[in-house]
Structure formats: C-alpha cells, structure tokens
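Trainee: Hi! Could you walk me through this one while I look at it?
Mentor: Happy to, let's start.

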Amino acid sequence: MQRTTAKKDGVITGVLFITAAVSSIIGLKLYDPVLTASDFLASGNSHYAQVVLGAINEILLAVSATGTGIMLYSYLKKYDERLGLGYLSFRLLEVVFIVIGTLSVLTVLSISEIATGNNAMDSDHAKSLGVSFIALHKWTFIMGPNFMLAVNTFIYSYTFYRIRVIPPHLARFGMVAASFIMLAAILELFGIIAQISIWGILLALPIALYEMTLAIYLIKYGFRLPAEKDIQKNKM
C-alpha cells in the first residue's frame, strides 16, 4: 500500500514539475509585447489577449509550484519537520513573488490600455508608470524564480540525499544546480550579469535540467521509501 502511494505521489509531483516548467517558459514568452518592446504601451495594448494568456500561464505556474511544495513537504517532514517547513516556506515565498510579478505585468497592460484610449493620460506619465512596474517584475523574477528557488531546491535536495528518497547522485546534482541559480541571483542583484544573457542562461540551465530529470524519475519510479531505522539514524 505504501509503495503504491509513493508511486502515485511521484507521478503527481513529476507532472507538477513539468507543468511548472512549461507554463513558466510560455508565460515569459507571451509577456514579450510588454517586457521587451521599445514602445511597450502601444505593443501591450495591441497584444492584450496575448499578455493575458501569459498571465494565465504564470498563475498555472504558481499553482503547480504550490503543488510541488505540498507533495515534497509530506516526505520531508518525515525526516525533519523544521527542514520541511523551511522548504515549504521558501517555496511559497517563491510563489508569492511570481504572483506579484504577474500583477505588475497586468498593471502595465492596464496602463497601456488607458494611455491609448479616448481619455488617454499624459504619455510621459504613463510611460514612467509602466517602466516602474516592469522594473518590479524584474526584481520579483530575481527574488522568486532565482533566489527563493535556489534555497528551497537546496533544502529538499540535501534532505533527500540524507534519507535516499531519490538516488544520491540526483540529489547531489540538485544541490549543485541550486548553488548555480543562487550565484545567478546574486550576480543579477549586483547588476554584474543581466537576467536574459548568456551567463544567466548558463547558470539557470542546471536547475532546469535537474527539475526535468527529477520529474521523469518520479513519474517512472515514484518516491523511494527509506527504512524507519535509516531515517532515525540520519536524524541523529
């Protein structure tokens, strides 16, 4: 019975990881008219439905990320309740930043709609407001999908390494990947590298590979069930 449950939990968690990855990529790409266009007010208004669809994908990302947090927490708490709560807290903080980033893009979309409407506000004022919310999205992206992701990934990878819920080499890869994305977040915070740059992509690639590898493993094999004596030994 336990083995069946662990297998089903693995499939659910794997699907949630894949959903989060796919929706994050689609969402960010659909935001292009607002985040990358030089005249983002006109571009955002003319691509209104596209940007809204991007926001829907970001909400799907938030929901699936919350789901992975809940699923992994149920296994982490068996080893250490505090580590489990720490992981879940940082995962939920990541989701909070994702939602704030989504709201900032939708706010830019509303500004673009007002700025190009019949009762259009002053274009310079509208543009300065839009730039402010685009900057907010940039910082939430660094703090959420980079910084908070690094912390929660390291916590669950380290814990799973100790109790062998997943293969040790996979858990070690997770800790390394978390360190790389943390480095990316720090470098981006100091303005040393840009978010969308070759270095940003290279530092983010390991964690993307790790999550997809973990997802495939969990779908195929499910969670391992360590013996109770091994859990108690590691707690000591």
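Trainee: Which residues of helix 8 are buried?
Mentor: In helix 8, the buried residues are Gly200, Leu203, Pro206, Ile207, Tyr210, Glu211, Leu214, Ala215, Tyr217 and Leu218. Buried means under 20% relative accessible area, exposed means over 50%, and partly exposed is in between, using a 1.4 Å probe and protein chains only. Helices are DSSP runs of H or I with at least four residues, numbered from the N terminus.

Trainee: And where do these numbers come from?
Mentor: This is a predicted model, where local features need pLDDT of at least 70 and side-chain atom pairs count only at pLDDT 80 or more, while totals for chains, interfaces and linings use all residues. Residues are numbered from 1 along each chain as its sequence is written, and side-chain values use heavy atoms, with hydrogens and water left out.

Trainee: Back to helix 8, where does it bend?
Mentor: The bend is at alanine 204, by about 30°, and proline 206 follows within four residues. A bend is the angle between axes fitted to the seven residues ending at a residue and the seven starting there.

Trainee: What comes after helix 8?
Mentor: Glycine 222 follows, and its phi is positive, near 80°.

Trainee: New topic! How many salt bridges does the structure hold?
Mentor: There are three. The term means a side-chain nitrogen of Lys or Arg within 4 Å of a carboxyl oxygen of Asp or Glu. Side chains of opposite charge can pair when their charged atoms come close.

Trainee: What does glutamate 94 pair with?
Mentor: Its partner is arginine 91, with the closest N and O atoms 2.8 Å apart. Both sit in helix 5 (residues 81-115), three residues apart, which is about one turn of the helix.

Trainee: Are those two buried or exposed?
Mentor: Glutamate 94 and arginine 91 are both buried.

Trainee: What about aspartate 32, which residue is its partner?
Mentor: Aspartate 32 forms a salt bridge with lysine 29, and their closest N and O atoms are 3.1 Å apart. Lysine 29 counts as exposed because its relative accessibility is 55%, whereas aspartate 32, at 23%, counts as partly exposed.

Trainee: One more: where is arginine 164?
Mentor: Arginine 164 is in the loop between helix 6 (123-163) and helix 7 (168-189). Its phi is near 60°, a positive value in a residue other than glycine.

Trainee: Why does arginine 164 count as partly exposed?
Mentor: Because its relative accessibility is 36%.

Key. Helices (H or I, at least four residues) and strands (E, at least two) are DSSP runs, numbered from the N terminus.
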